[in-house]
There are 2 protein chains.
Amino acid sequence: MPTYRAPTKDTLFVLQEVLGFERYSNLPGFADLGSETLEAVLEEGAKLSENVLQPTNRVGDTVGCVRLDDGTVKTPDGFKAAYDQYREGGWLGLAVPEEYGGQGLPYSLHTAVSEYMIAANMSLMMYPGLTQGAIAALIAHGTDEQKAQWLPPLVEGRWTGTMNLTEPHAGTDLGLLRTKAVPAGDGSYRITGQKIFISAGEHDLAENIVHLVLARIEGGPAGSKGISLFVVPKFLPDGEELRERNAVSCGAIEEKMGIHGNATCVMNYDGATGWLLGTEHGGLRAMFTMMNEARLGVGLQGLAIGEVATQNAVAYAKDRIQGRSLSGAKSPDKAADPIIVHADVRRNLMTARAFNEGGRALALWTALQSDLAHRSPDDKQRQEADDLLGLLTPVVKGVLTDKGFDHAVTAQGVLGGHGYIEEWGMSQFVRDARIAMIYEGTNGVQAMDLVGRKLPANGGRAVQLFFKQVGEFCEENRGDEKLTPVTKALKRGLNDLQAATMWLVQNAMQKPDNAGAAATDYLHLMGLVSIGYMWAQMIKAAQARIAAGANGSASFLENKLVTGRFFMERVMSETALRLARIQSGADTLMALPDEAF
Amino acid sequence: MPTYRAPTKDTLFVLQEVLGFERYSNLPGFADLGSETLEAVLEEGAKLSENVLQPTNRVGDTVGCVRLDDGTVKTPDGFKAAYDQYREGGWLGLAVPEEYGGQGLPYSLHTAVSEYMIAANMSLMMYPGLTQGAIAALIAHGTDEQKAQWLPPLVEGRWTGTMNLTEPHAGTDLGLLRTKAVPAGDGSYRITGQKIFISAGEHDLAENIVHLVLARIEGGPAGSKGISLFVVPKFLPDGEELRERNAVSCGAIEEKMGIHGNATCVMNYDGATGWLLGTEHGGLRAMFTMMNEARLGVGLQGLAIGEVATQNAVAYAKDRIQGRSLSGAKSPDKAADPIIVHADVRRNLMTARAFNEGGRALALWTALQSDLAHRSPDDKQRQEADDLLGLLTPVVKGVLTDKGFDHAVTAQGVLGGHGYIEEWGMSQFVRDARIAMIYEGTNGVQAMDLVGRKLPANGGRAVQLFFKQVGEFCEENRGDEKLTPVTKALKRGLNDLQAATMWLVQNAMQKPDNAGAAATDYLHLMGLVSIGYMWAQMIKAAQARIAAGANGSASFLENKLVTGRFFMERVMSETALRLARIQSGADTLMALPDEAF
């Protein structure tokens, strides 16, 4: 049975030593976050994850959700009790402004503890995760009345939320959607249509479910310009009292490869009552305001599953004895050495570890941009943070989920045949991690968002800022001999990224397929440089702490240096391959006629 | 529901135009293989695969094998009928020498049709696959009496075989195994112990099951030197008449991530009667004679699943309309374009296609070495073929299964959310493909076999031969302008491989961990160069055919050129990254102390 230990020390190191959390004490929510409070929040989140959420993860997979004949959905045993503890701990509203019943703490702190909770039970954490999306949409687009109506029970977690976008014929291309909204004359609408793949669409964890539904107001423009967003509750409320059942129901739940603990529903809207959220025909824009955070949340799923899978592979590799080290017996008293002595096993573990630690820093740095974008009193800082947030969001989503899946797969492989049988729980990690590469926009869509939208936005302002920050780091630390190998490797990566960007500028305008052909490699190239930048800062911070007297953390800091060196020396060399592929262009990809496939 | 079309035209192109099958008409089994016969065999194999085997694949996954209370195992509905058709077609004995009841046709032809059958139903094909392993072991190590006893019903497929190696504490490291054999005084032995992960260990497809079991003769040497191989049947036979049940039973079947249609058994031996196969304490060596073919068979599983998954992704990508091509609407009459127009979707499909076509050529070329090694009248040719077979076997196993899994994963991704739900069948491909990277020696073990055993064997004779062949191809075709981009790319890859080999020679002797740290990257580097070499030959053959008048195959041949160009231009650039990682050495991998993990 898998276990999990939340990496609180690593998180704290990133928040304090790399991101310099104390520098932001002027921002709302950051003020009282001294070292002790920060640590206490992380420790509480860790405890809940390890002791309450994680023990329900396995039954979530083996039993899963069951739709009963009356159309209700039963979640796996123990989910409700675990969810109640999560809810009662106030975790859902951790970063929600106090005026809406939350605690107003930083979103980056919410991100930090969310990683632990997702690692412990990804399927269960999707229920509040989607609620947070609904809360964000209501805060951004709701009228005062709507906020008063819907937010309090959502923030408390007594009600949960969903996002209803996909239809059978409309996934990535939402302009094709057909669900229709007809004004009822009383300010409400009647919603009719079918939505599919609706996570947490129906379940027994909450008293009510608030669906945010994309639909087309009758007579509105065709395509994506005619889409509006609606609030459609399962039970129609009078204040917080629930009145009759709305005409929305779960027609079926999908049998999936993984995340069996979360109900993926076909939702049927049969003239259901709903209210417009935001402006008429402004639905896509409203949905996109939720997208950054929702996508960061999915990126976090990749990181979290990659981490917990790796932890369990490490435990096995230390315990399982098989064969002898090539450099001579390491456990001569035993019949064989533990397999962690084998360089090829260690290559898998080190690769995952280096990505996990660097990816954690990247996720937290990106989340911090969201804090700055929303809370900084400084116009320029807000804009820069918003630029970086937009630029890095597809990278966090795409790269951390691709890598998280890869690491779950290699972790499974460390257990050999035992990884393949369900008994050891490694298969669940692989099967669960797979979905994060697909939903909230497949990683191909993330790559196109980065290359086609985020790069050219505002004349390339965001990516120029990124180049400037990374470039300045290299420049500023050029004199530091101990950092030279690090800044050199980072600079090489940055040069590759800049060359790729320049190639796109020169080749994608007249031939847009060159952008499409380059997109995924560009996404991963930027991922490598971003994570490399995080590692460079972590190495610098660790060196500084060691120089100042490690204060009981000597081995922790030394391990950071070793792992960082591994990333810079062995992993960063991939940037050259990504650049070469980008520069090979679209021709060889597009030359084969469609009918030849 | 997934479909499958056997790529007979591609296979035929490789066998005839690239491998030049007609050149070997002097070899036993090759003589009567004219173009028509060859095509007829492939077509018959294709028909069985498409019409009989494939329709049972889905129920194999959804229902799987069930162990009944009496210890017998029920295979999924339809498996028995499909197996019977396979058996009655004589496919099992296709490449078995005629003296043992087979047809004596080339092993490479057996490999060609096996790909189709595995693609159609991998789980079902494992039953005869393991039987073939048992047949090979009996032919190589059995006495005349043993051959007469066991081979006829096995070759007919009325009985099936298994390989019993793994024990709970002994997987890769077979020296640790504890199953014990005690002489009974009548020439037989009593076998006692527990084996796990025994594929096809118990089932209802055959009248009898012949287990080949590794065990330790009491009093024999410790470690791998004291292991012997035994024939232990489920029913003790008198001739072909089955007498009493032997003391071997299936204690449980494993719940696995995939291949649900094959029973993975815990086998309990409680003083079961068995007979020594080969020499006392010569069990490991005997087992290894089966290994090359067994590993090629597993490599074929990777190729086969990668191919069928890609075929289904292609069908979806042509059918699913979503969004518009970046270069302008391609289906302006429809609400959107089919997603195959998107460069990023096509990148996935082209990558898989190029590996599948190149990988097929590599698998067939390697299988041909087995034919030459066993059947050539020429000593030098036999030895060279045996050298190449040993060298390429870990490459075929490791690279084709790693890539096959990758392609199943990307094929699943092409279907977006539909790929993740079980209904569309793509999840099964991913879950089935995963095991091929693990069993018959994990791919890490393959990499170590290549670097630690196959490279240094006979002073590097095998790899030098490989370098010579690839180098000579580049040299001979230097003057051919149309081939220049191809030979250049291949030469660059070969240079990287030679540099990596040189680095190993210089750095792995005094520090063996450098070999371990390099192994997986070296395996894939050799995979790239091998497949690149196949592509170079396919391109050359296609160009020659076009120049000679394509004879109705113009588009087939042109597509080969386009796909080959894609491989040489876009894929081969990875060799530089593999070399860079190899040259970064073991230091960064091994620096972290075990307790830091």
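**Strands, then the interface**

Mentor: In chain A, strand β4 (residues 180-183) and strand β5 (residues 189-199) run antiparallel, joined by 4 bridges. This is a predicted model, in which local features need pLDDT of at least 70, side-chain atom pairs count only at pLDDT 80 or more, and totals for chains, interfaces and linings use all residues. Residues are numbered from 1 along each chain as its sequence is written, chains are lettered from A and ligands numbered from 1 in the order written, and side-chain values use heavy atoms, leaving out hydrogens and water.

Trainee: What makes β4(A) and β5(A) a pair?
Mentor: Strands are DSSP runs (E, at least two residues), numbered from the N terminus. Two strands pair if DSSP finds at least two bridges between them. β4(A) and β5(A) have 4, so they pair. A:Val182 stands opposite A:Arg190 in β5(A). The hairpin has 5 residues between the strands, and A:Gly185 there takes a positive phi near 95°.

Trainee: How do you know that β4(A) pairs with strand β6 (residues 208-217) of chain A?
Mentor: The two are joined by 2 bridges, in the parallel sense. The rule asks for at least two, so they pair. A:Lys180 has A:Arg216 as its bridge partner in β6(A).

Trainee: Why is the relation of chain A to chain B called a two-fold axis?
Mentor: Chain A can be laid on chain B by a turn of 180° and a shift of 0.0 Å along the axis, with an RMSD of 0.0 Å. That is the relation of a two-fold axis. In chain A, the C-alpha nearest the axis belongs to A:Leu577, 3.2 Å from it. The copies are superposed by least squares on C-alpha atoms of residues with pLDDT of at least 70 in both.

Trainee: How do you know that the copies meet through the same surface?
Mentor: Contact means heavy atoms within 4.5 Å. By that rule, 87 residues of chain A touch 87 residues of chain B. 100% of the interface residues of chain A are also interface residues in chain B, so the surface is the same.

Trainee: What makes A:Arg570 and B:Asp521 a salt bridge?
Mentor: The rule wants a side-chain nitrogen of Lys or Arg within 4 Å of a carboxyl oxygen of Asp or Glu. Here the closest N and O atoms are 3.2 Å apart, so the pair qualifies. Across this interface the rule finds 6 salt bridges.
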